[in-house]
Amino acid sequence: MIRELTIRTPGQGLHEITHDIRAVVREAGAREGLCTLFVRHTSASLTIQENADPSARRDLERWLNRLVPENDPLYTHTAEGPDDMPSHIKAILTATSLGIPILNGDLALGTWQGIYLWEHRRASHHRRIVVHIA
Amino acid sequence: MIRELTIRTPGQGLHEITHDIRAVVREAGAREGLCTLFVRHTSASLTIQENADPSARRDLERWLNRLVPENDPLYTHTAEGPDDMPSHIKAILTATSLGIPILNGDLALGTWQGIYLWEHRRASHHRRIVVHIA
Amino acid sequence: MIRELTIRTPGQGLHEITHDIRAVVREAGAREGLCTLFVRHTSASLTIQENADPSARRDLERWLNRLVPENDPLYTHTAEGPDDMPSHIKAILTATSLGIPILNGDLALGTWQGIYLWEHRRASHHRRIVVHIA
């Protein structure tokens with residue numbers, strides 16, 4: 001089964017989508033299988049991270065923003081603004097696709113794992129994620 | 001087929017699990033297919049790296065430890081110790097899931113490729129990996 | 001279906017392989033499914049990036065070359081030359097495998113997404129990629 005989700009991100013940062021993906025898994029009705037996520041953009045990405053303490057996600061964002069700052073004189077690809085090139089770099093350092101097994105009718109996530117859509121642009125965007133379940 | 005493996009890591013570093021995954025592939029008996037690995041933690045990750053010269057793995061560890069040092073004043077998520085936040089960052093920079101095709105009844109790894117569970121915490125941990133074969 | 005492709009890279013940099021992968025998807029004839037790519041090397045990797053403006057790819061290469069320079073005194077794994085250890089590091093920061101859903105008989109790539117084989121060695125190489133379609 002394949003579903004395409006459109007997620008509106010509120011702007012730069014880690015946006016949890018565990019609930020949205022879980023709904024697709026339930027709809028598919030699979031007891032056991034594989035759920036593959038794919039984000040159809042090059043300035044947003046996917047990651048699995050701690051879903052408990054928000055300070056971990058905040059530190060992740062700040063750390064990555066420091067590693068890949070805006071207005072780096074190295075960038076020549078600047079037509080779409082100062083957050084354009086950093087977005088592409090952050091996307092290649094994280095994930096465009098994720099494979100998550102399905103066990104007992106649910107995603108086989110660990111206790112502290114959540115699925116996040118990482119918006120790398122400053123502005124809110126509509127992001128399309130393809131969910132494949134087999 | 002799905003199997004959950006529990007691997008005891010001896011502490012921080014790259015811990016080879018090729019043999020463990022290969023055993024699951026043999027048990028499944030598939031001649032051709034796809035083996036997906038998923039680690040159920042946010043402070044350990046997966047990577048495929050050179051299995052020959054141990055100096056390559058040692059340099060990888062030292063390089064990543066320098067890029068993501070402990071006690072960085074940026075961190076606010078420090079409740080679990082100085083190796084907590086670096087572990088989360090290292091996890092997002094490497095892989096939480098891997099898809100490896102199966103060819104002729106074996107993992108389609110290149111000659112120099114090994115599968116590694118990367119423990120990012122200093123202490124030994126029991127880590128759970130879900131292996132999906134289809 | 002599984003196919004192994006051998007791609008000759010012209011040297012260090014992002015080398016587009018979207019066309020090669022699309023040809024395998026067409027040969028498989030699947031209307032809907034999952035295409036998994038796996039590169040059988042530890043000094044080359046896979047990434048999905050912007051296929052429009054070449055300046056984005058050039059900046060990605062320059063940025064990664066600056067983050068992981070040659071001749072870093074940290075390296076001890078230097079037997080194969082100054083581009084050996086940086087290649088392994090760049091490989092772990094990007095992807096060894098990618099899962100791309102198939103929709104309407106084609107890869108479900110976004111409008112601006114291309115699939116790239118990232119050659120991390122300076123010299124031209126023959127790189128093997130396994131394509132699994134199910």
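Colleague: How many residues does the contact take from chain B and how many from chain A?

Modeller: The contact takes 26 residues from chain B and 32 residues from chain A, where contact means heavy atoms within 4.5 Å. This is a predicted model, in which local features need pLDDT of at least 70 and side-chain atom pairs count only at pLDDT 80 or more, while totals for chains, interfaces and linings use all residues. Residues are numbered from 1 along each chain as its sequence is written, chains are lettered from A and ligands numbered from 1 in the order in which they are written, and side-chain values use heavy atoms, with hydrogens and water left out.

Colleague: What makes the area buried between chain B and chain A about 2500 Å²?

Modeller: Buried area is the accessible area (1.4 Å probe) that two parts lose on being put together, summed over both; for chain B and chain A that comes to about 2500 Å², with carbon and sulfur atoms giving 62% of it. On the side of chain B, the residues that lose the most area to chain A are B:F38, B:L74 and B:I92, together 27% of what that side buries.

Colleague: Why is the pairing of B:D72 with A:R66 called a salt bridge?

Modeller: The term asks for a side-chain nitrogen of Lys or Arg within 4 Å of a carboxyl oxygen of Asp or Glu, and in B:D72 and A:R66 the closest N and O atoms are 2.5 Å apart, so the pair qualifies. Between chain B and chain A the count is one salt bridge.

Colleague: Which residues form the salt bridge that joins chain A to chain C?

Modeller: There the side chains of A:D72 and C:R66 meet, at 2.5 Å from N to O, and the rule finds one salt bridge across that interface. Helix 2 of chain C gives the most to the side of chain C that touches chain A, namely nine residues, helices being DSSP runs of H or I with at least four residues, and strands runs of E with at least two, numbered from the N terminus.
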